[in-house]
Structure formats: structure tokens, C-alpha cells
Amino acid sequence: MRADAQNTVEKIEKSLELLGQRLDVETAPFRLEEFNARVEDPNLWDNPDAAQKLMRDRQMLVDAMATYDSIRQDLADNVELIELGEMEEDEEVVSDAEAALKTLEKKAAQKELEALLDGEADGNDTFLEVNAGAGGTESCDWAAMLARMYVRWAEKKGYKVELQAESAGEEAGIKSAVYKISGQNAYGWLKSESGVHRLVRISPFDSAAKRHTSFTSVWVYPVVDDNIDIEVNPADIRIDTYRSSGAGGQHVNTTDSAVRITHHPTGIVVTSSEKSQHQNRDIAMKALKSRLYQLELDRRNAAINEAHENKGDAGWGNQIRSYVLQPYQMVKDLRTNYETSDTKGVLDGDLDGLMAATLALDVSGKSRAEAQGS
């Protein structure tokens, strides 16, 4: 086997090893038998929430087992084809099998990264909050660009996106927006996006065409599972209703239905501006519980907690990523040093590379790629 092909095989085998460890491949068939037995329980749906969680957990195990078996089988088949092609001196068979191995390597690497999403809340749906920093119209426009970027990313993943609340900028863009993003591992993927995002560009709002720097903060927190008990003391919160407004013109909504909940001990403020005040109270309370749950997760993880405490204002010194559109094109994550010149692709939602690099950070703060290269 040629050296390049052998190197590819070794990389796939390493990914398989990690996938097998995460799956606990030896016990997986027995765990599936347990799930199947519980699914057949006639009383299962007496508790719909528990039943749905059981079905989700079972499906995740089935998918993980299928992925592991598929990669292992494809690896064996293509190695066999290469050996057969080399024996018969059939270069076309060898080349086709080597190309298939390259494709399989990318698939295995992607699944390996997804296997890193094994935190307590990684599988949950998520709330994503975007807030413009200081800078008026510039920052509000940047906040709208970021919100669009995450919506595009989520839609490409097949996730469901629901706008929970939005505050429009005075001249352009948005001051803030909150989205609920639903889908498998939505929080696990997006949690690395919390922090300050910096934009450098020639301002479309500056007649002198000068370069401007804008900041917007992003905060991500998981939707709390109904089985997780988060107690909120009524004495610790203030609930306000206020007049919400839409996009203008015939779409203006001027009912006093919007709800704002302020949690005094933490200073957390959550809002919802759907049509029904009752619905808004429910949505806002769930968002508050999710934020409080996120704080608890932060306390359990020193690294995440430090990032939360140092998040600070949306400005200099606090950014996690820079997006430079002039004088050159570059997006660079300051935590991993991952960078790309495809700024248009990133702003259109091609974020997997940036997210994957952060997910692959080891405890020393170096990415796997850097660690392997050192």
C-alpha cells in the first residue's frame, strides 16, 4: 500500500478508536437490548416526556452504532480493494479505492468531532442571544449580520430556528435578538460561540469610506430539559409587561403583551414578545431557567466559568474572534488560531471548521492539530 493511503488508513483507525471508546462498543448491543425492552413497555407513554427522552436516547445509540459499523466496514472494504488492485496491477481500482478512503477520512473526522459533544447539556436545544456593543448604527448592523450568520448555519444543519425576541436598531440592524435553535446537539455545537465578535470593515454608513471596528456579544445557553429541576424563588424575580413593536407599517404589533423577567440575584434579564402574554410568560420563564442552568454548568467547569466571568463588555480585549473584511479578507478565532480567508462563506453560515477547532481543544489549550504537529 502506498504511503499516502497507509497514512489515511491510520487516521481513520484513530477516529474509529475514539468513536469506539465514546460508544463503549463492547456494551452497546446490551444497552440497545435494554432500550428495546423498555420501548415495548405498554405503560411507557403514561409519561410522555420520559418516553420521548427514552426514544431520543435509543435513537442516538442506534445512530452511533450504525456510524461506527459503517466506517469500519467501509475501511475494510477499501483496504481489501487496494490490496486486490495491487495484486492484479489494476491502477484504476487502486486509485478509486484510495479516493474513497480520502472521503471516508473526512467522514470519520467529522463523526469524531461530533463524539466530543458528550457534555451534560450538549444534546439539548439552545437559546442564542446577540447583543450589539457600543458604536451605534455600526454595531447594530454587525449584530444583524451575526444573527443572520447563525440562522443560516442552523438552517444548513436542518435545525429549527424560532425568533424569541428582537429589538431593532434606531437606523439599521438590531440592538439585540434571542433565538431558540432546536435540533440534536444544537447547544453542543453553538456553546463555543459565546463571547465577543469583532468586525473590521469599510463602513457603508460612513460617507468618508473610513475603516471601522465594531463589536457584538453572543451568549449561548441550553434549553433546560423538563426533567431538570431549576427552582426560581418568586421573591427573586420581577415580571414586567410592555408594549412590543414589530418591523413597522402594517406589521406593527402594539399590544401590551411582551414580557420581561428580571432575576435580581444574578441580574439576568430575559424577554419574549410573541402575541400571547401567557405564552410570553412561559417562554421567558423557560429562558430564565435555562440561563440559571447555564450558570450551574459554568460553576462545574472551571474553564467555562472563567470564560463567563471574563466575558466583560463587547469591546477591546474581550473578543474571541475577528472578522476582517478590509484591507484583506480573514476570519480568525483567537482561542484556536484557526483562520480562513473565506469571509463570505463564514458570514453565510459556514461555521463548522471554526466550531470544530474549538471543540477539539485539549486541556492544555492547544488544538489537536497543533498538538499532533508539535
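Here is a short tour of charged side chains in this structure, stop by stop. You're looking at a predicted model, where local features need pLDDT of at least 70, side-chain atom pairs count only at pLDDT 80 or more, and totals for chains, interfaces and linings use all residues. Residues are numbered from 1 along each chain as its sequence is written, and side-chain values use heavy atoms, with hydrogens and water left out.

Start by selecting Lys157 and Asp352. They form a salt bridge (a side-chain nitrogen of Lys or Arg within 4 Å of a carboxyl oxygen of Asp or Glu), with the closest N and O atoms 3.3 Å apart. This pair ties together distant parts of the chain, 195 residues apart: Asp352 sits in helix H10 (residues 352–359), and Lys157 in the loop between helix H5 (137–156) and strand S2 (160–168). Helices (H or I, at least four residues) and strands (E, at least two) are DSSP runs, numbered from the N terminus.

Next, pick Lys344 and Asp348, whose side chains meet in a salt bridge at 3.0 Å, N to O. Now colour by accessibility, with buried meaning under 20% relative accessible area, exposed over 50%, and partly exposed in between (1.4 Å probe, protein chains only). Asp348 is buried at 17%, whereas Lys344 is exposed at 61%.

Move on to Glu170 and Lys175, another salt bridge, with the closest N and O atoms 3.9 Å apart. Glu170 is exposed at 74%, and Lys175 is partly exposed at 38%. A search of the whole structure finds 21 salt bridges.
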